[in-house]
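My entries follow the structure.

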Number of protein chains: 2
Amino acid sequence: MTSLSNAQNGAPQPLNASKLIYTFTDSPRDVPDPAIACTGKETICTDHMILATWNAHTGWSAPELKPYGPLTLMPTASCLHYATECFEGLKAYRGYDGKLRVFRTEHNAARLQMSANRISLPFVDSKELQQLIYALISVDGSKWLPKSRAGDFLYLRPTLIGTQPSLGVQAPQSAMLYIIMGYMPRVDSVPGRMKLLTSPDNLVRSWVGGFGYAKVGANYGPSVLASQAASREGFHQTLWLYGEDGECTEAGGSNFFVVWLRKDGKKELVTAPLDDRLILDGVTRRSCLELAKERLSDELEITERKFTINEIIDAAADGRLLESFSAGTAWFITPVSHIRHREHDIKIPMGVHGESGEVTGKIKGFLSNIMYGRVQHPWAAVVPERTT
Amino acid sequence: MTSLSNAQNGAPQPLNASKLIYTFTDSPRDVPDPAIACTGKETICTDHMILATWNAHTGWSAPELKPYGPLTLMPTASCLHYATECFEGLKAYRGYDGKLRVFRTEHNAARLQMSANRISLPFVDSKELQQLIYALISVDGSKWLPKSRAGDFLYLRPTLIGTQPSLGVQAPQSAMLYIIMGYMPRVDSVPGRMKLLTSPDNLVRSWVGGFGYAKVGANYGPSVLASQAASREGFHQTLWLYGEDGECTEAGGSNFFVVWLRKDGKKELVTAPLDDRLILDGVTRRSCLELAKERLSDELEITERKFTINEIIDAAADGRLLESFSAGTAWFITPVSHIRHREHDIKIPMGVHGESGEVTGKIKGFLSNIMYGRVQHPWAAVVPERTT
């Protein structure tokens, strides 16, 4: 029906969150115990998901909030052959004040738009996407992230896939946007902290002229070989190097930070730059840099620049390597305790209490206080909860 | 039931084509007119498909031949987020002698195995996969590629996708293999022949240490931006360049060949090498090289080496550029008439009849004679047809 009225209308319809159709589940599921929510082979999602379809002729359908369940795709669907797919990752946080919050969703929404463009998928209006994200949290948040779980989160995954059932390699003429929400393990306190193995010479994550800056599926599947190899050697993630000099780019699927004393004696927080488009413009990365500049610039310089694994090895040898952490939405701020690069084993100080270095701990605290409502801050928006 | 018996058995079950379960459609569809078979937005597939599922614990299910139709996937399925997907493309040819043939399927089967490994998907036994390909052709070939269509083909797409319903980036613990068969346009005689636009500096198809050699989805979706730009300027495909010197790698999704007179006066057929793993080890590419070495080495040298767009520009300026063609399964041997690189417009001779150069025409003829049974050759295997 929507298609028909759109076609009659003439122009393809834009995504419109105000048209959201609510179809509530008639078989609500039990909320799992936090201890077992993330232990299985399946991600447990909440009762509902939001879904909208698009085609080049009629534009976007009215989005629908409906019971969580399987998708139906033709075997020829573009996303199953050509990786015409991109996504976002964000969280809903249950605050210590009992409120539900999201963190800087405007950046996730803008990034999905950019990723969609890189992978030739349709335009998704950022404000409408944000409204849909709010709608899902609003419906399922109270039950699935109850007030008794202050300090916990749910993970949201807006996903855009090409669905045109055609084997020609082309920009999909039909697509589907969906938003799901489920449990993800808390890994910012990995036992023994995070250990990174540098990528081998024959596995490169992204390259200049590629798509390492976009959150497209094509960046992830091909990275698993390296993480399997790291895992076999007892490491948690890959530290991705780039180029002949071994520039440090990303740690697993997170951004990568180092705190060290430079040779001039100045303390510095450093992370890879965005300008050659090798790495993801992470929302957590951006937030770390902004908070550090605002609150820690008296004690250290904050720098985005290329830096190499050899600089880390040198700093460690000189006793100048102070801290390292990975930063991303899924794994939050995770202190790095150990990096192995070829024959070099680099141990990284973990602070007086063995939990994290001082700068890492401060930044993690700043962010976590904002996300969980210990302080009020414009980056964290309260999502009204629908109580049924 | 299979899972249960497998689990009782202990070891994960290998893929076993002899266990194929036949479930024939009770609503067979009409075979489309060849003129309209490829004109819509959907690939028209035959009545049946073959499907097998895998999980890390039980191994492969018994494969099933069943009515062609939609797949059911959880919204969290790995392939929809992380491009854990790879595929093959091959054809069934209706010969002029009335027989159905396939061409060197052992190479496609071996390549799927290699691609699966690159994208952390399970091992697929090549011989079993070939048997499943044969089974599908055997069932649907007679009806969908009737003897009245000598010289036509159907396109087969074995596809392997990660199905584990989990948002963790990891090697999928469950997967699905399916084989579908449908109509694809014949594009080896594009009007005006194929015109190629070189890739812009900010779009690079593959890179050393990447996965350009594997037939994984991640190589295709990200390439569409460049082909859209080419299309807007009136070109059919992208000529992918690599590195500062502009090495010629692939043409669209095909391998790329040039015939020229070298500066020493020797006539040469040249294509990019496989050793740096930038390009696909095409079955058609391999066959062109082998046939040319066997049958044309008196008249020209056959060389796999790096060559640059500037060498093509120089050869054209000297009148030494003789022919060019792209080679692949989907688009077969397609003569290239025009390459634009930045401000250079390179016109390529198209032979005395304007159809293709002499070497291109000979190689195309060799291959087509083998595929369509005009000559008997070990590369083309006859597939027995099941008549219902």
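This is a predicted model: local features need pLDDT of at least 70, side-chain atom pairs count only at pLDDT 80 or more; totals for chains, interfaces and linings use all residues.

Entry on the two chains. Counting in this way, I found that 59 residues of chain B are in contact with 58 residues of chain A. I then looked up the area buried between chain B and chain A, which is about 4,900 Å², and noted that carbon and sulfur atoms give 63% of it. For the polar side of the picture, I found 30 residue pairs in polar contact between chain B and chain A, while the count of salt bridges between these chains is zero.

Entry on the side of chain B that touches chain A. Among the elements that give two or more residues to this side, I listed the helices α2 (78-82), α3 (105-118) and α5 (224-232) of chain B. I sorted the residues of this side by class and got 33 nonpolar, 20 polar and six charged.

Entry on a helix pair. I saw that α6 (residues 283-295) and α8 (residues 358-371) of chain B pack at about 110°, with their axes 10 Å apart, and therefore I call α6(B) roughly perpendicular to α8(B). Their contact includes Leu291(B) of α6(B) and Phe366(B) of α8(B), and by class it has seven nonpolar, two polar and one charged residues.

Notes
Residues are numbered from 1 along each chain as its sequence is written. Chains are lettered from A and ligands numbered from 1 in the order in which they are written. Side-chain values use heavy atoms; hydrogens and water are left out. Axes are lines fitted to C-alpha atoms, for helices over the stretch in contact, and angles run from 0 to 180 degrees between N-to-C directions. Helices (H or I, at least four residues) and strands (E, at least two) are DSSP runs, numbered from the N terminus. Angles under 35 degrees count as roughly parallel, over 145 as roughly antiparallel, 65 to 115 as roughly perpendicular and the rest as oblique. Contact means heavy atoms within 4.5 Å. Ala, Val, Leu, Ile, Met, Phe, Trp, Tyr, Cys and Pro count as nonpolar, Asp, Glu, Lys and Arg as charged, and the others, Gly among them, as polar. Buried area is the accessible area (1.4 Å probe) that two parts lose on being put together, summed over both. A salt bridge is a side-chain nitrogen of Lys or Arg within 4 Å of a carboxyl oxygen of Asp or Glu. A polar contact is a pair of N or O atoms within 3.5 Å; within protein, one must be able to donate a hydrogen and the other to accept it, and residues adjacent in sequence count only if both atoms are side-chain atoms.
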